[in-house]
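Here are my notes on this model, point by point. Please read them with the structure open.

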Amino acid sequence: MQQRKSIRLTSYDYSQAGIYFVTLCCYQRKHLFGCIDQDDWHAAPLAFRVEQCWSHLPNRFLRLCLHPSIIMPNHFHALVELQSVDDTQAVSLSHIVGCFKSITARMVLPQKLWQRGFYEHVIRSEADYQRIAEYIQNNRLNWQNDYFNTDG
């Protein structure tokens with residue numbers, strides 16, 4: 001069986017404190033969360049349920065702090081922070097994202113909700129954080145040119 005190549009940084013500990021940018025895509029990039037029509041966001045009911053699940057994750061993972069996030073028609077972007085804690089509460093970014101994907105995927109069974117894996121980027125500076133936070137904030141306004149827009 002062929003092994004998938006990891007896109008994670010080699011020898012980087014994704015359970016260490018830091019801020020991360022994550023992107024999760026809907027299975028086959030289907031528009032399951034809503035649509036954007038002339039810069040107006042029309043959310044599907046599933047989008048509200050996914051947002052609610054996301055907002056409750058810090059109750060499950062005490063060292064998790066949520067920063068800006070956005071649900072798009074076929075994907076989800078978020079900035080998340082893993083805060084410093086003792087080793088008894090250590091949990092990796094992959095574990096948190098996997099838990100979120102599992103919880104939300106149960107909402108749409110038997111249909112698949114998410115593509116396998118997720119994109120991540122380790123935030124390394126304040127300028128990096130500001131650039132990505134602005135990207136998240138303006139993402140719906142730039143939908144026509146968005147990499148994930150399967151319509152345009």
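1. Terms first: a pocket here is an open set of grid points with protein on both sides within 12 Å along at least five of seven lines, and its lining residues have an atom within 4 Å of a point. Strands are DSSP runs of at least two residues, numbered from the N terminus. The model is predicted.

2. The largest pocket holds about 210 Å³ of space. Its lining has 13 residues, and those closest to the centre are Thr23, Cys25, Arg29, Tyr119 and Phe148. Strand S1 (residues 18–25) contributes the most to this lining, with 4 residues. By class, the lining residues are 7 nonpolar, 4 polar and 2 charged.

3. Helix H3 (residues 126–138) passes a length check. Its 13 residues should span 18 Å at 1.5 Å a residue, and the end C-alpha atoms are 18 Å apart, so the two agree.

4. H3 also has a clear buried face. Asp128, Tyr129, Ile132, Ala133 and Ile136 are buried. Viewed down the axis of H3, the buried residues lie within an arc of 125°, so they line one face of the helix. Their cover includes S1, strand S4 (64–71), strand S5 (75–82) and strand S6 (119–122). Glu126, Ala127, Arg131, Glu134 and Gln137, on the other side of H3, are exposed.

5. Look at Leu113, in the loop between helix H2 (93–105) and S6. Leu113 counts as buried because its relative accessibility is 2%, and the cut-off is under 20%. Beyond four places in sequence, Leu113 touches residues including Cys25, Leu32, Phe33, Leu46 and Val108. Tyr27 is 86 residues away along the chain, yet the C-alpha atoms of Leu113 and Tyr27 are separated by 5.4 Å.

Technical notes
Residues numbered from 1 in each chain as written. Predicted model: local features only at pLDDT ≥ 70, side-chain atom pairs only at ≥ 80, totals over all residues. Heavy atoms only, no water. 1 Å grid on protein atoms, 1.4 Å probe; cavity = no way out; pocket = protein on both sides within 12 Å on 5 of 7 lines; lining within 4 Å. Points joined across faces, edges and corners; volume = space filled by probe spheres on them. Nonpolar A, V, L, I, M, F, W, Y, C, P; charged D, E, K, R; others polar. Expected span 1.5 Å × (residues − 1). Buried < 20%, exposed > 50% of the residue type's maximum accessible area, 1.4 Å probe, protein only. Arc of directions from axis to C-beta. Contact = heavy atoms within 4.5 Å.
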